[in-house]
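Hi,

Here is the structure you were asking about, with the sequence alongside.

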Amino acid sequence: MTFQRSIYIVILSLFLSACSTTTQLPAPIGSPQQLWQQHQVQLQSIQTWQLQGQIAFITPDDRNSATLNWQQFSQDFKINLTGPFGIHLLSIKRSDNISTLILDDDRQYQGRDTQALINQLSPMPIPVNELRAWIIGDPLTNDVQLDNYGRVTKANHPLGWHISYTKYQLIDNIWLPKNIVIKQDDMRIKITTRNWKLNAKE
């Protein structure tokens, strides 16, 4: 047996061994609707969380992407968007019923209504009030499509947004979205989440 053939057999055996020990997800017990109701209870138990990821805003004429850092503390939150080399692009902070928006040139704007503040300063109608629920997998609507595990795959929100969850990840025994696509008319928001930390303290 030649040396090259020996190496080939070793690599093949390792590959087959890895395939044979791949962890399989347990079969779901219950209907998709029952599992979704159970999943909603899990999502409602999440009061504080942190995540890192990527977000992209896409229109027919433009595409902008940024690194997303989000910290949620019950009703308060901090959202930071940064560009290459950690350059600050935008941050939004909600605390004591006041929202503060800081632009890339350090100009600050404050208001009690986060959505109104965003609409005033952004050319794109970013649904920030709904986004904090959508990003953990709660589309805030009953108009949903579910997979066999009771996870939302598609949803239509009354405000005209269409949400797709194309991939999930298991974090602390809770299914949370990995890839999200949010559409309205010719605008898309694409989010890829990673580095989740649930029940994180400030």
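The protein folds into four helices and eleven strands, where helices (H or I, at least four residues) and strands (E, at least two) are DSSP runs numbered from the N terminus. Before you read on: this is a predicted model, in which local features need pLDDT of at least 70, side-chain atom pairs count only at pLDDT 80 or more, and totals for chains, interfaces and linings use all residues. Residues are numbered from 1 along each chain as its sequence is written, and side-chain values use heavy atoms, with hydrogens and water left out.

**Overall**

Of the 202 residues, 39% are buried; buried means under 20% relative accessible area, exposed over 50%, and partly exposed in between (1.4 Å probe, protein chains only). The protein exposes about 12,300 Å², and carbon and sulfur atoms supply 51% of that (Shrake-Rupley method, 1.4 Å probe; for residues, only the protein chains shown count as cover).

**Core and strands**

The largest nonpolar core has 43 residues. By that I mean a set of buried Ala, Val, Leu, Ile, Met, Phe, Trp, Tyr and Cys residues joined through side-chain atoms within 4.5 Å. Trp49, Leu68, Trp70, Ile135, Leu176, Ile182 and Ile191 have the most contacts inside it. Leaving aside neighbours within four places in sequence, Trp70 is in contact (heavy atoms within 4.5 Å) with residues including Trp49, Phe77, Ile79, Leu131 and Ile135.

Strand 1 (residues 48-59) runs antiparallel to strand 2 (residues 62-73), with twelve bridges between them; two strands pair if DSSP finds at least two bridges. A hairpin of two residues links strand 1 to strand 2, and Ala56 has Ser65 as its bridge partner in strand 2. Strand 1 is also joined to strand 11 (residues 187-198), again antiparallel, by nine bridges, and there Gln50 is partnered with Lys197.

**Strands 5 and 6**

Strand 5 and strand 6 are antiparallel over four bridges, and Ser99 is the bridge partner of Gly111 in strand 6. Their hairpin has four residues between the strands, and Asp106 takes a positive phi near 70° there. Thr100 sits in strand 5 and counts as buried because its relative accessibility is 14%. The side chains of Thr100 and Gln110 make a polar contact of 3.0 Å (a pair of N or O atoms within 3.5 Å; within protein, one must be able to donate a hydrogen and the other to accept it, and residues adjacent in sequence count only if both atoms are side-chain atoms).

**Helix 3**

Which residues of helix 3 are buried? In this helix (residues 114-121), they are Thr114, Gln115, Leu117 and Ile118. These cover an arc of only 160° around the axis, so they lie on the same side of helix 3; the arc is that of the directions from the helix axis to the C-beta atoms. The buried residues pack against strand 3 (76-82), strand 4 (88-95), strand 5 (98-103), strand 6 (108-111) and helix 4 (128-134). At the start of helix 3, a side-chain oxygen of Asp113 comes within 3.0 Å of the backbone nitrogen of Gln115.

**Gln184**

Gln184 belongs to strand 10 (residues 174-184) and, with a relative accessibility of 17%, counts as buried. Its side chain reaches the backbone oxygen of Leu159 at 3.0 Å. Not counting residues up to four places away in sequence, Gln184 touches Pro125, Leu159, Gly160 and Trp161.

Cheers
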